[in-house]
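User: Please go through the side-chain packing and pairing in this model with me, one question at a time.

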Amino acid sequence: MDRQQEFVLRTLEERDIRFVRLWFTDVLGTLKSVSVAPAELESAFEEGMGIDGSAIEGFARVYESDMVAMPDPTTFQVFPFEGGVSGESARMFCDILLPDGSAAWADPRHVLRRALAKAAEKGFTFYTHPEVEFFLIQDGPLDGSLPIPVDTGGYFDHTTHSVARDFRRQAVLALERIGISVEFSHHEVAPGQQEIDLRYADALSTADNIMTFRHVVKEVALSQGVRATFMPKPYTDQPGSGMHTHLSLFEGERNAFFDADDPQKLSKTARAFIAGLLVHAREYTAVTNQWVNSYKRLFPLQLPNAITESPAFVSWGHLNRSALVRVPAFGKPNSARVEVRSIDSATNPYLAFAVMLGAGMKGIEEGYELPPGAEDDVWSMSPAERKAMGYDALPENLSEAIDVMSKSELVAEVLGEHVFDFFLRNKQAEWEQYRREVTPYERQRYLGAL
């Protein structure tokens with residue numbers, strides 16, 4: 001037994017923790033868990049916990065359903081705020097294995113680990129930093145009726161006695177008590193919309209943190225009598241919720257994206273990485289934006305006097321927030337990074353980070369050339385102007401996104417055959433159900449007029 005496992009068992013005993021939750025996700029990014037008694041954990045470290053993979057989206061067919069959840073002791077965290085009268089609880093993420101001890105190809109953590117290992121062979125460590133947006137709405141029926149935001153605030157608004165302000169304070173405190181560092185938090189543009197930014201970490205830790213973040217945020221919201229939703233676009237006439245994600249590669253202690261001699265301080269590695277993100281953007285969009293509703297955020301209804309910053313076109317720039325990939329201003333060499341703005345906060349972070357890393361690494365390996373940056377508002381251009389500049393549109397709906405993804409050798413290689421095939425089948429079924437559903441919009445528009 002290694003030291004980290006010993007630390008976990010000792011902490012459970014010293015703090016009298018009665019419940020340990022073993023967490024993992026399915027292919028779509030839904031959090032799953034099984035609770036074990038502390039007395040069973042020592043054997044779980046050695047042998048894992050048996051689970052029925054056929055009951056989990058994308059894991060296994062019925063006749064090959066036996067799988068093993070192997071706890072990762074490095075992810076151990078105590079959840080003191082969930083204790084109540086029954087004592088504290090704790091959680092660990094698991095790697096999913098087959099009965100013979102090999103990694104399960106359908107485990108999203110394994111997909112990301114595989115992508116990170118491939119980058120490590122080239123000498124790179126991949127770091128990510130997400131800006132997570134979401135809505136706080138009043139608790140009520142989830143029957144499709146329009147949700148009511150908890151406030152009428154706007155961008156960076158500070159309102160005395162605001163539910164949102166108190167919520168953000170409690171959420172940040174809860175996150176920091178379990179070791180997840182928060183950079184800052186604030187009210188976003190739309191009523192009820194919030195943003196909490198997590199600090200830089202290696203991509204696997206960040207993906208684990210995002211899954212924990214979504215759980216904690218929803219728990220804190222419920223404790224305050226409201227509800228948190230990561231739905232990309234709850235309101236037609238308000239901005240959607242994204243998860244702008246900053247990416248960087250390091251070679252040891254050196255930021256591989258920085259070059260002091262370059263006018264824009266970007267290395268050849270950074271330029272090739274950005275080019276890879278752009279060249280393959282349409283191919284991986286189904287993963288970074290996996291829901292029917294995701295495309296309502298990317299291609300919103302154009303309203304008078306509304307500023308659209310959703311990154312719907314394949315371009316890059318420095319100060320341009322309408323670009324798909326933005327290079328933020330940075331002072332220190334280790335702060336050199338790129339920001340992908342299309343990804344939404346309802347994605348599976350393991351798969352999303354894997355495909356973005358795969359696209360960037362493809363650019364580096366193949367020596368892709370970076371086209372000129374876009375410094376004008378891409379949305380304000382006419383279609384002819386965008387075409388002349390070479391700014392292709394991202395897929396405009398889930399159907400188009402999965403069609404493009406189905407032809408992508410890169411995404412198939414990164415995800416692996418099992419995840420690639422399941423993801424496409426699942427998303428095709430979601431689209432087929434959506435396109436056959438008669439909506440309130442259709443009844444409102446046609447029932448009396450036709």
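This is a predicted model: local features need pLDDT of at least 70, side-chain atom pairs count only at pLDDT 80 or more; totals for chains, interfaces and linings use all residues.

Analyst: Residues are numbered from 1 along each chain as its sequence is written, and side-chain values use heavy atoms, with hydrogens and water left out.

User: Which residues have the most contacts inside the largest nonpolar core?

Analyst: A nonpolar core is a set of buried Ala, Val, Leu, Ile, Met, Phe, Trp, Tyr and Cys residues joined through side-chain atoms within 4.5 Å. Buried means under 20% relative accessible area, exposed means over 50%, and partly exposed is in between (1.4 Å probe, protein chains only). The largest core has 103 residues, and those with the most contacts inside it are Leu-277 and Leu-415.

User: With which residues is Leu-277 in contact, leaving aside its neighbours within four places in sequence?

Analyst: Contact means heavy atoms within 4.5 Å. With the neighbours within four places set aside, the partners of Leu-277 are Leu-247, Tyr-284, Val-325, Val-338, Val-340, Met-356, Ala-359 and Gly-360.

User: Which residues does the second, separate core include?

Analyst: In soluble globular proteins, nonpolar side chains tend to be buried together. The second core is separate and has 20 residues; it includes Phe-24, Leu-41, Met-67 and Ala-69.

User: How many salt bridges does a search of the whole structure find?

Analyst: A salt bridge is a side-chain nitrogen of Lys or Arg within 4 Å of a carboxyl oxygen of Asp or Glu. By that rule, the search of the whole structure gives 19.

User: How many residues apart are Asp-139 and Arg-227, which meet in a salt bridge?

Analyst: Their side chains meet at 2.8 Å, N to O. Asp-139 is partly exposed at 43% relative accessible area, and Arg-227 is partly exposed at 25%. Helices (H or I, at least four residues) and strands (E, at least two) are DSSP runs numbered from the N terminus. Asp-139 is in the loop between β7 (125-138) and α4 (163-177) and Arg-227 is in strand β11 (residues 226-229), so the pair links distant parts of the chain, and the separation is 88 residues.

User: Which helices hold Glu-400 and Arg-282?

Analyst: Glu-400 and Arg-282 form a salt bridge, with the closest N and O atoms 3.3 Å apart. The pair ties together parts that are 118 residues apart in sequence, because Glu-400 lies in helix α11 (residues 398-406) and Arg-282 in helix α7 (residues 281-288).

User: What kind of aromatic pair do Phe-134 and Phe-167 form?

Analyst: Rings of Phe, Tyr and Trp (its six-membered ring) pair if their centres lie within 6.5 Å; planes under 30 degrees apart count as stacked, over 60 as edge-to-face and the rest as tilted. The count by this rule is 14 aromatic pairs. With centres 5.9 Å apart and planes at 75°, the rings of Phe-134 and Phe-167 are edge-to-face.

User: Which residues do ring pairs link into a cluster?

Analyst: Phe-134 is in strand β7 and Phe-167 in helix α4, 33 residues apart. Phe-134 is buried at 0% relative accessibility, and Phe-167 is buried at 0% too. Ring pairs link Phe-134, Phe-167, Phe-213 and Phe-230.

User: Over the face of which residues does Lys-427 lie?

Analyst: A charge sits over a ring if NZ of Lys or CZ of Arg is within 6 Å of the ring centre and within 35 degrees of the ring normal. Lys-427 lies 3.7 Å from the ring centre of Trp-291 and 5.9 Å from that of Phe-423. The residues are Trp-291 and Phe-423.

User: What is the phi of Asp-16?

Analyst: Asp-16 lies in the loop between α1 (3-14) and β1 (19-25). Although Asp-16 is not a glycine, its phi is positive, at about 50°.
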